[in-house]
Each structure stands twice: as structure tokens, then as C-alpha cells.
Amino acid sequence: MTQTNEISATTGDWSRSAEHLRRSHEVTTNPRPDQDGQFPCVLSRGAGARVYDLDDNAYFDLTCSFGTVLIGHAEPAVTDAIRASLDDGNLFYTGPSPRRLALAERLLDWFPWADQALFYRTGSCAVSAVARLTQHVTGRTTVLTSGYHGWHDWHLEAVPEAKLFPSYATEFHEDLDVYRAYLERHADEIAAVVVTPEPTRKPVGHYRVLRELAAEHGCLFVVDEVKTGMRAGKGGLSALAGLEPDAVTVSKGLANGHSISAVVGSRRITDGLDEAHVWSTYQNEQVGFAAALATVDFLESQDVAAVVGRTGRVVEQAFRSAFAERGLPVEVRGWGPMFDLDFSAAEEGLADRLQLAFLRHGVFCDIGDDFNVMYRTADHLDELTGRVTAAIRSV
Ligand SMILES: Cc1ncc(COP(=O)(O)O)c(C=O)c1O
């Protein structure tokens with residue numbers, strides 16, 4: 001792999017970004033106010049594996065914009081498809097359209113056990129829709145769940161401070177004993193089990209066990225693959241785990257950073273569509289379908305899942321080696337396409353120091369969240385791993 005020197009360590013001058021944030025706070029919001037003080041960097045553009053801030057600092061992007069940018073920023077194949085679709089207009093009164101049909105066919109090819117694909121704009125909408133659909137088709141209300149499913153009212157177990165009133169979701173926190181006991185006692189109240197796989201923490205086989213137990217108790221089983229579905233490749237993480245759910249939700253990576261989500265499910269679930277009122281105005285925007293069709297073409301033709309899997313392994317190993325060399329007790333929990341860091345054995349303040357060090361060395365990440373790689377990351381592996389090592393050595 002050739003060494004490129006296009007990114008020098010950042011200057012740490014985020015003055016234009018800081019000024020921008022001051023005004024932003026007055027007239028709009030910043031969901032990450034914790035970053036304002038020490039490293040107020042505001043990203044303004046991206047190209048391939050890199051992002052750039054308002055002060056012209058460049059970074060390798062290990063957030064992939066919450067995991068959504070799976071190929072690379074401003075990937076021409078996707079951008080060109082969007083431009084072409086814009087010439088045809090964007091939203092029409094009748095839902096069915098050639099692009100929507102084409103994307104549904106592609107998703108049914110990815111998830112061959114499913115019968116229908118329904119489209120939304122966000123992950124939260126897709127998971128809320130599938131939860132409501134399962135309630136309608138079963139006549140039951142409880143959703144037994146684990147993991148993050150977005151910001152909607154029905155499920156705030158992952159963000160308890162935002163929860164103001166009880167909901168119909170019951171969280172089992174990936175605890176198999178709690179799960180089993182709940183199924184045994186309450187199976188006839190459960191509309192569905194809805195789980196978000198956390199492959200950096202649990203082996204994929206764990207989800208097959210959850211599926212089997214749900215089936216034994218006659219419960220519908222939905223895998224929230226908003227994060228993992230496209231990243232894991234055809235069939236999503238469900239296929240890697242060897243399970244066939246009743247539905248999956250997908251979104252991130254489906255359109256390489258453009259807004260679209262889908263419920264891909266069997267008729268057992270989508271039959272609830274007429275009663276459940278899970279429609280919304282912008283769910284048939286053409287631009288999302290165009291971006292997704294171009295992205296899915298690329299994911300398949302370039303075997304993106306295999307590339308990001310291999311790339312992620314190299315990057316996570318660079319983290320692991322550098323932590324070991326420095327004697328820092330930070331665990332790297334990897335799955336390949338994404339990984340995260342466990343600081344529970346580390347001294348207080350290390351995570352903050354590392355966050356700043358990564359930014360100063362031109363590596364954009366959110367230290368407390370998942371690290372993701374994209375297809376274009378593979379072109380810069382030597383330089384990226386060198387920067388990761390230098391950043392960890394510097395703390
Ligand atoms: C597994 C999962 N489900 C649902 C969501 C919510 O998606 P969105 O933020 O697009 O509403 C997310 C977002 O991080 C997610 O990771």
C-alpha cells in the first residue's frame with residue numbers, strides 16, 4: 001500500500017469552527033455540546049475517506065457519519081445517480097414508482113426470506129413502523145427489546161433520562177436469563193421481540209439463540225439492522241448469524257449517507273399495513289431511492305462488505321498494538337466493519353485526552369461511540385494506521 005502525505009497532523013486551530021458554533025448555539029442546535037470546549041471542530045465537506053473542517057484541517061473519517069457513509073464521501077457513482085434523478089422531479093402523489101419497485105426488488109434479493117419492503121426516511125421511523133405493525137397483526141402491545149432503536153416515544157430504554165412516561169417496550173438488556181424468563185411468563189402479551197445486534201460485544205450466534213427462543217414461544221422476531229444491515233453485506237448480520245427473522249430494518253449505508261430507511265419483512269408483519277397508519281409524506285422521495293440503488297450496485301460490484309471487514313480488522317489491530325505498546329488498558333472490541341473502545345479499566349481522563357490526540361493527528365472519531373470504516377478507507381491504510389499509532393503514543 002503506498003504512503004500518501006496528503007493529510008498533515010491538524011493545527012488544532014479550530015477558531016473558525018469555534019466562531020461558527022457560537023452563532024449556531026444561538027439560532028440552532030448542536031447534538032454534541034461536549035465537543036465545543038476542547039475541540040470545537042465543525043466539518044464542512046467530505047471526499048472519499050476524508051472529511052475537512054471549517055479551518056481546513058483534514059481528517060480520516062472513522063465515524064463514517066454515524067456509520068452511514070459506507071463507500072466514501074461524495075462518491076461519484078451515488079452523486080451522479082442523485083443528479084440524474086433530480087431532473088425527473090422528487091416526490092409524486094402516487095407511492096409506487098419505478099425506482100421504489102427496483103429498490104424493493106434489490107432488498108428482497110438481499111433478504112430473500114422477506115416478501116415486502118416498506119420505505120421511510122430515518123431509522124427511527126422504520127423501527128417505530130415495524131413495532132406498530134407487529135402490534136396490529138398480533139393484537140398484542142408489548143415489544144420486548146434490547147439496544148438502541150432511535151428517539152421515538154415507544155422506546156427510550158437506551159436513553160432513560162429522556163423517558164417521561166411508561167411505554168409498551170420492555171428492555172432485557174441482552175441478558176439471556178431475563179429474556180428467557182420474560183418469554184416464559186409473558187409470551188402471550190408480546191407483539192414482537194425487536195433486537196439491535198451489538199456485534200462488538202456479543203458473538204453473532206447469540207442472536208440466533210434469541211431468534212430460536214422467540215420462535216419457541218410463538219413471538220415475532222425483528223432484527224433492527226439499521227446499523228449492521230448493509231455493513232454486514234447481503235442478508236445483513238442476520239445472515240451471518242444464520243437466522244431468518246420476520247423483519248429487519250435497514251438504513252445506514254443503504255444510500256451512502258443519504259436519507260432512506262426500510263422495513264423488509266414477511267407478510268406476517270407487512271399485512272398490518274392498512275390498519276397501522278405507518279405512512280408519511282416524504283417516504284417516496286425519489287432522491288433516496290436513486291442514491292440507494294446506486295449504492296447497492298456499488299456494494300455488490302465491489303464486494304464492499306468484505307473490503308470494510310478486512311480494513312476494519314487492520315485498523316482495530318493498529319489500535320490494539322499501540323495501546324499495548326503504551327501499556328494503556330483500553331480494550332478494543334472488534335467485529336471488522338466496526339469496533340469500539342472499552343475504557344472501564346483505564347484512568348479517568350484518558351478517553352478525553354485520546355479524543356483530542358486523534359483529532360490533532362488527523363483522525364476524526366467519537367471516542368465513546370462505534371468506530372466505522374468505509375470502502376475508501378482501504379486506499380489509505382498505511383497512513384491511517386500510522387496516524388492512529390502516533391496519536392496513541394502522544395497521550
Ligand atoms: C440500530 C439503530 N436503530 C435505530 C436508529 C435510529 O436511526 P435514526 O437516527 O436514523 O432515526 C439507529 C441510529 O443510530 C440505530 O443505530
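This is a predicted model: local features need pLDDT of at least 70, side-chain atom pairs count only at pLDDT 80 or more; totals for chains, interfaces and linings use all residues.
Let me begin with helix 11, whose buried residues are V287, G288, F289, A290, A291, A292, A294, T295, V296 and L299, where buried means that 20 or more other C-beta atoms, placed from the backbone, lie within 10 Å of the residue's own, while 12 or fewer make it exposed and anything in between partly exposed. Residues are numbered from 1 along each chain as its sequence is written.

Helix 11 covers residues 286-301, 16 residues in all, and reaches 23 Å from its first C-alpha to its last, which is close to the 22 Å expected at 1.5 Å a residue, the expected span being 1.5 Å times one less than the number of residues. The cover over its buried residues includes helix 3 (76-86), helix 4 (98-110) and helix 12 (304-326), and contact means that two C-beta atoms, placed from the backbone, lie within 7 Å. Just after helix 11, D303 takes a positive phi of about 45 degrees.

Seven strands form an open sheet in the order 4-10-9-8-7-5-6, with mixed pairing, and two strands pair if DSSP finds at least two bridges between them. Which strands stand at the edges? They are strand 4 (116-120) and strand 6 (169-171), each with a single partner strand, so one side of each is left without a neighbour in the sheet. Within this sheet, neighbouring strands are turned by 20 degrees against each other on average, direction ignored. Strand 9 (residues 247-250) and strand 10 (residues 261-265) pair in the antiparallel sense over four bridges, and T249 has V263 in strand 10 as its bridge partner. Helix 5 (residues 123-138) lies across several strands, among them strand 4 and strand 10, and runs at about 30 degrees to strand 10; the axes are lines fitted to C-alpha atoms, for helices over the stretch in contact, and angles run from 0 to 180 degrees between N-to-C directions.

Strand 1 (residues 43-47) pairs with strand 2 (residues 50-53) in the antiparallel sense over four bridges, with D53 in strand 2 as the bridge partner of L43. Their hairpin has two residues between the strands, and G48 in it takes a positive phi near 60 degrees. Strand 2 is in turn joined by three bridges to strand 3 (residues 58-61), again antiparallel, and V51 stands opposite Y59 in strand 3. In this second hairpin, with four residues between the strands, D56 takes a positive phi near 65 degrees.

Finally, the domains, whose bounds come from an automatic or database domain assignment: domain 1 is 1-70 + 337-384, and domain 2 is 76-301. Their centres, taken over C-alpha atoms, are separated by 28 Å. The contact takes 10 residues from domain 1 and nine residues from domain 2. On the side of domain 1 that touches domain 2, the elements giving two or more residues are helix 2 (64-67) and strand 12 (338-342).
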